[in-house]
Amino acid sequence: MTIPPPPERSGAPVLTDVPDEITAARAVHLSKYYGSGDTQVRALDDVSVAFRRGEFTAIMGPSGSGKSTLMHCLAGLDSASDGSVIIGDTELRGLSDKEMTRLRRDRIGFVFQAFNLVPTLTALENITLPSDIAGRKPDRDWLDSVVGRLGLRDRLDHRPSELSGGQQQRVACARALAGRPDIIFGDEPTGNLDSRSSGEVLGILRSSVTDLGQTVVIVTHDPRAAGYADRVVFLADGRIVDELRDPTADTVLDRMKNLEAV
Ligand SMILES: Nc1ncnc2c1ncn2[C@@H]1O[C@H](COP(=O)(O)OP(=O)(O)OP(=O)(O)O)[C@@H](O)[C@H]1O
């Protein structure tokens, strides 16, 4: 499928200068409204952005700027009011509920702030849950290398309550990586972790991109977390207002100060 670059509308920056064949996900003129009339909230206002395969992107912006809404629309967890979302070469609009569930299960990995592990299952059972639900045998060699990389080999029989927060989030990362999805979305994946565990989880996401060619997009408030990314996309009032390549915690902080000063 060839998707023409969207013409610039309403002055919103259009960050879609990525060829289709290396695009993992794309939003095109994406808008999301909640409510109607005078009380309507424009959570996203004409957002166009593409995510290159094998790249790590952080989405930042003030509280209420639309970060979670953008991520949820990209991941097919919420529907757009206008515009489109494309994962790989699949346009999400028009998919049936069943097709959407299958796409989320097979092609998208999730790492949430609250870990979202099943408390009654062991770490290993949590990691293989998506493939078990799909009735697929996990790729044992791949699984073994992911578990080894994430330092979980001696924790596989533990239930989440027997693991630290950092270990639980490593299990969630392993679950996301196990299915080799087109893209992994992380909604504040280090929001509940201390700085050491945050560093571990971000290091895992970073190396999944650098070493394994994975595509990762996270929402974060933390400039240090954004410093692990290849690129930062800044949102304000539901619009993309800036972009930074090869960020460091300091350059992210500077850019955020500038945005707040505008
Ligand atoms: N279900 C909903 N109903 C009504 N308004 C909503 C709903 N979800 C989000 N909003 C509004 O949409 C806007 C964007 O919200 P969103 O959660 O995407 O922001 P955010 O940048 O992720 O914020 P935060 O950093 O505080 O998590 C906000 O004004 C919010 O109040």
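I looked up helix α4 (residues 140-149) against α5 and found axes that come within 10 Å and cross at roughly 150°. I took axes as lines fitted to C-alpha atoms, for helices over the stretch in contact, with angles running from 0 to 180 degrees between N-to-C directions. The two helices, α4 and α5, are therefore roughly antiparallel to each other. For that wording I used these cut-offs: under 35 degrees is roughly parallel, over 145 roughly antiparallel, 65 to 115 roughly perpendicular, and the rest oblique. Helices (H or I, at least four residues) and strands (E, at least two) are DSSP runs, numbered from the N terminus.

I noted that this is a predicted model, in which local features need pLDDT of at least 70, side-chain atom pairs count only at pLDDT 80 or more, and totals for chains, interfaces and linings use all residues. Residues are numbered from 1 along each chain as its sequence is written.

I recorded the crossing of α4 and α5 as right-handed; a crossing is right-handed if the near helix is turned clockwise from the far one by less than a right angle, and left-handed if anticlockwise. On the α4 side I listed Leu 143, Val 146 and Val 147, which meet Ala 174, Leu 177 and Ala 178 in α5. Contact here means C-beta atoms, placed from the backbone, within 7 Å. The classes are Ala, Val, Leu, Ile, Met, Phe, Trp, Tyr, Cys and Pro as nonpolar, Asp, Glu, Lys and Arg as charged, and the others, Gly among them, as polar.

Next I checked helix α3 (residues 123-133), which packs with α5 at an angle of about 30°, the axes 8 Å apart. That makes α3 roughly parallel to α5. The crossing of α3 and α5 is right-handed. From α3, residues including Ala 123, Ile 127 and Pro 130 take part, and Val 171, Ala 174, Arg 175 and Ala 178 in α5 meet them. I have seven nonpolar, three polar and one charged residues for the contact of α3 with α5.

I found a right-handed crossing where α5 passes α6. Among the contact residues are Gly 165, Gly 166 and Cys 173 of α5 and Val 201, Ile 204 and Ser 208 of α6.

I then turned to the sheet. Six strands form an open sheet in the order β7-β8-β9-β4-β10-β11, with mixed pairing; two strands pair if DSSP finds at least two bridges between them. Because β7 (108-112) and β11 (239-245) stand at the edges with a single partner strand each, one side of each is left without a neighbour in the sheet. I noted that β4 (residues 56-60) and β10 (residues 231-236) pair in the parallel sense over four bridges, with Met 60 opposite Phe 234 in β10. By contrast, β10 and β11 pair in the antiparallel sense over six bridges. They form a hairpin with two residues between them, and Asp 237 in the turn has a positive phi of about 50°.

Last, I looked at the ligand. The residues around the ligand include Tyr 34, Val 41, Lys 67 and Thr 69; a residue is near if its C-beta atom, placed from the backbone, lies within 6 Å. I found that α1 gives the most to this shell, with three residues.

Note on methods:
Contact = placed C-beta atoms within 7 Å.
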